[in-house]
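Here's a quick tour for anyone opening this structure for the first time. Take a look at it, then read on.

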Amino acid sequence: MGNRAKQRSRTRRWQVLFPFLLPLFCGALSEQIRYSIPEEMARGSVVGNLAENLGLHFRDLLTRNLRVSAEKQYFTVNMENGNILVSDRIDRESLCLQNPLCIVSLEIVAENPLNVFHINVMIEDINDNPPHFPQNSIVLQINEFAIPGTRFGLESAIDADVGPHSVQSYQLSSNEHFSLMMKGKTEGKNAPELVLRKPLDREQQSSHLLVLTAVDGGDPVLTGTASIQIKVTDANDNAPVFSQDMYKVSLRENLPPGTSVLKVTATDQDEGVNAEITYSFKSLGDDIGNIFMLDRQNGEIKSKDSIDFESSKSYTINIEAKDGGGMTSECKIILEILDENDNSPDVVFTSVTSSITEDAEPGTVIALFKTHDKDSGENGEVTCVIKEKVPFRIESSSNNYYKLVTDGALDREQTAEYNVTITATDRGKPPLSSSTSVTLLIGDVNDNAPVFHQESYLVHLAENNPPGVSIAQVSAYDPDLGSNGCVFYSIVASDLETRELTSYVSVNGQSGVVFAQRAFDHEQLRAFELTLQARDQGSPALSANVSLRVLVGDRNDNAPRVLYPALGPDGSALFDMVPRAAEPGYLVTKVVAVDADSGHNAWLSYHVLQTSEPGLFSLGLRTGEVRTARALGDRDSTRQRLLVAVRDSGQPPLSATATLHLVFADSLQGVLPDLSDDPVPSDPQSELQFYLVVALALISVLFLLAVILAIALRLRRSSSPASWDCFQPGLCSKTRPGVSPNYNEGTLPYSYNLYVASDSQNTRFNFLTMTPEMVPPQDLSNEASLVVSFTEENNKISSDSVASTHVSFNEYVSFANRD
């Protein structure tokens with residue numbers, strides 16, 4: 001009891017001496033500028049004129065860039081007049097807790113030249129917090145044998161304010177047994193004590209209910225109340241006593257549960273049950289009961305759960321010791337929590353662009369984000385990086401804000417979206433980091449023209465196709481999206497005439513399928529070329545062209561056409577003359593045919609279908625040349641007939657036939673008598689008789705001619721010569737009109753010329769002259785020509801022409817002239 005009185009007296013002496021010592025301390029700190037303001041001042045309130053106190057001119061404020069450098073910007077400098085202004089709410093209780101002297105230190109930085117001025121702003125307390133008790137209800141057990149004057153300590157009221165605005169006094173509701181006294185200050189606080197004024201009698205009144213009121217010194221006065229319930233028990237005259245009234249402990253966060261924090265001890269001078277002490281938490285504020293646990297028997301405090309510095313930096317625990325008689329005492333424990341780097345930094349996006357077009361310029365801002373770390377000091381300092389290789393970079397902004405901007409060209413066709421991962425790392429030991437990803441979609445622009453899958457197209461189409469059939473399909477790819485990649489096809493050019501183009505082909509604009517509008521004929525159109533365009537629907541539209549060449553293939557749709565031997569104008573057959581002395585291999589005639597088809601379909605072959613004398617003639621398979629296979633025998637007929645078939649090589653093959661009439665004779669006069677009768681099979685006996693009759697007739701004719709010649713000579717001498725209009729009446733005939741057909745297609749490897757004279761006196765025959773064309777025999781597609789014409793001469797018949805060629809006449813015309 002004596003020690004407590006001494007402590008109270010020392011506290012009162014310091015309270016008396018403090019006002020006298022304060023000027024001395026102020027003189028020692030006169031080098032710094034000090035301001036004093038009350039808390040909760042409105043924003044924009046003037047604290048003081050800094051420029052005047054620092055001796056600066058107003059015109060120098062802007063050039064020197066006067067500013068406040070502080071961790072928390074509660075103040076700013078007005079650059080126009082140099083006043084320090086309040087820029088944020090100032091709560092003295094949050095800044096200094098229960099510290100009676102609350103000073104905010106500022107650093108004023110000036111440039112040109114660079115100076116730093118230290119300023120202290122004292123925050124004065126105002127009465128903005130009412131007192132309150134830790135517990136609204138207090139239960140005391142007092143032995144009925146308690147001596148009047150016994151004091152019972154009560155828990156002090158809590159007032160966040162300090163100085164005169166803190167708790168100044170307590171008031172107790174009126175009661176005849178108890179009164180209220182103030183104990184000496186403990187840590188600057190007055191502790192109320194309940195004093196027993198009149199002995200208690202449990203049998204008369206076992207409990208008492210009192211109201212304790214705490215009053216502060218503000219104006220107006222603020223108060224707080226708590227009820228006190230007193231239970232009267234049996235006598236126990238000594239309360240437990242702790243070894244210390246206050247314990248201070250430092251504890252690192254994240255200690256495993258069950259770690260021992262502190263062990264408190266209390267002693268009681270009583271004996272027996274009244275000396276048995278149990279410990280308990282006096283108040284369970286700040287969730288103490290869930291974080292710590294207390295051994296009721298030995299007073300050891302252990303951690304119950306993980307302790308987190310970020311949840312609370314310190315804890316205040318009140319421990320009560322109660323003896324078996326019900327008397328109690330208290331002690332206070334202050335736990336300071338030390339920080340560990342146990343929190344990874346967080347990245348929070350405040351603004352993200354949903355999509356960005358691929359033509360965005362480098363430096364375009366696409367996202368804004370900030371970082372946060374619950375740890376303090378270096379454990380809470382954060383840096384951000386992008387580890388993958390992407391066309392983006394991070395730019396630092398302010399107050400832990402960053403910008404994500406483009407750092408290169410974007411191409412949607414190569415990369416349609418990016419998954420950007422931002423890694424935030426603190427400076428703790430070891431450092432902790434976390435990553436946050438954001439997906440960026442790249443918008444499309446029309447920057448790609450359509451591309452055809454082939455550089456050019458070549459299509460083979462057989463002729464005689466049905467109209468409307470699909471002959472080809474072109475396809476182009478555009479990597480753009482939507483209308484930018486929607487391709488439309490059209491025909492923009494062709495080697496066909498413009499007005500005929502639509503009647504030949506068309507194209508489907510959506511699919512690129514090319515259709516034939518008509519049936520093609522290889523003999524009329526063998527190939528044509530189109531220029532197709534693929535055009536997208538972007539703005540502006542882009543396009544590409546491609547060539548499509550169509551080759552019209554041949555079908556075997558044309559039968560061979562025989563040009564020689566040909567029929568006369570009246571449909572009669574023609575004859576060819578062969579010398580009787582023709583040797584084997586002699587070229588008798590040539591079957592000439594053409595085929596309008598081409599290639600294999602026009603490759604002609606010649607075959608003998610029927611002959612009047614087998615083995616007498618041979619036929620060239622590919623040339624159509626008729627040659628003698630052997631010499632003409634005595635038993636062979638002078639008139640021969642060959643039926644020749646001309647067949648192409650198509651599938652199925654087509655063919656035509658030609659009939660050859662051949663007469664063996666050395667001159668035209670020898671041919672004419674034989675033309676009246678059809679050839680019959682030769683009989684040796686009849687042939688002998690025939691030769692005898694002919695010989696007799698010739699002798700008679702020669703004799704008659706000699707007589708006539710003698711008579712004529714005599715008459716010529718006696719009279720003038722007569723004119724002879726027709727010396728050979730049997731040979732006078734009407735001429736046939738000349739035919740000059742020209743064939744520009746098919747196969748005709750030779751040219752023929754025929755000249756026939758119609759003069760009644762002298763007739764000259766220029767027979768068909770064969771001129772071989774300088775072309776390979778296998779090429780059946782070359783052109784050939786056949787020319788027939790008639791000329792007149794007044795000279796004799798050229799015998800060399802007859803020897804080297806053969807002639808064909810109209811049988812019926814010759815016999816008509818003969819008759």
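Phenylalanine 690 sits in helix α8, residues 684–718. Helices (H or I, at least four residues) and strands (E, at least two) are DSSP runs, numbered from the N terminus. With a relative accessible area of 49%, phenylalanine 690 is partly exposed, a label that falls between buried (under 20%) and exposed (over 50%), using a 1.4 Å probe and protein chains only.

## Before going further

Keep in mind that this is a predicted model, so local features need pLDDT of at least 70 and side-chain atom pairs count only at pLDDT 80 or more, while totals for chains, interfaces and linings use all residues. Residues are numbered from 1 along each chain as its sequence is written, and side-chain values use heavy atoms, with hydrogens and water left out.

## Rings that meet

How many aromatic pairs does the structure hold? There are nine. Rings of Phe, Tyr and Trp (its six-membered ring) pair if their centres lie within 6.5 Å; planes under 30 degrees apart count as stacked, over 60 as edge-to-face and the rest as tilted. One of the pairs joins tyrosine 504 and phenylalanine 520, stacked at 5.9 Å centre to centre with 25° between the planes. This pair links distant parts of the chain, 16 residues apart: tyrosine 504 belongs to helix α6 (residues 498–504), and phenylalanine 520 to the loop between β38 (513–516) and β39. Tyrosine 504 counts as buried at 14% relative accessibility, and phenylalanine 520 is buried too, at 2%.

Phenylalanine 520 also pairs with phenylalanine 528, this time tilted: 5.5 Å centre to centre and 35° between the planes. Phenylalanine 528 is buried, at 0% relative accessibility. Elsewhere, Phe349, Phe369 and Tyr402 form one aromatic cluster.

Now for the strands. Three of them form an open sheet in the order β17-β21-β20, with antiparallel pairing; two strands pair if DSSP finds at least two bridges between them. At the edges stand β17 (260–263) and β20 (292–294), each with a single partner strand, so one side of each has no neighbour in the sheet. Direction ignored, neighbouring strands here are turned by 20° against each other on average (axes are lines fitted to C-alpha atoms, for helices over the stretch in contact, and angles run from 0 to 180 degrees between N-to-C directions). Three bridges pair β17 with β21 (residues 300–303) in the antiparallel sense, and lysine 263 stands opposite glutamate 300 in β21.

Another open sheet has four strands in the order β42-β49-β48-β45, with mixed pairing. Its edges are β42 (575–578) and β45 (605–611); each has a single partner strand, so one side of each is left without a neighbour in the sheet. From one strand to the next, the twist averages 35°. Strands β48 and β49 run antiparallel and are joined by nine bridges, with alanine 645 opposite threonine 657 in β49.

## Curious spots in the loops

Asparagine 65, in the loop between α3 (60–64) and β3 (67–69), has a positive phi near 50° without being a glycine. Asparagine 254 has a positive phi of about 65° and lies in the loop between β16 (246–252) and β17. Asparagine 65 is partly exposed at 32% relative accessibility, and asparagine 254 is partly exposed at 36%.
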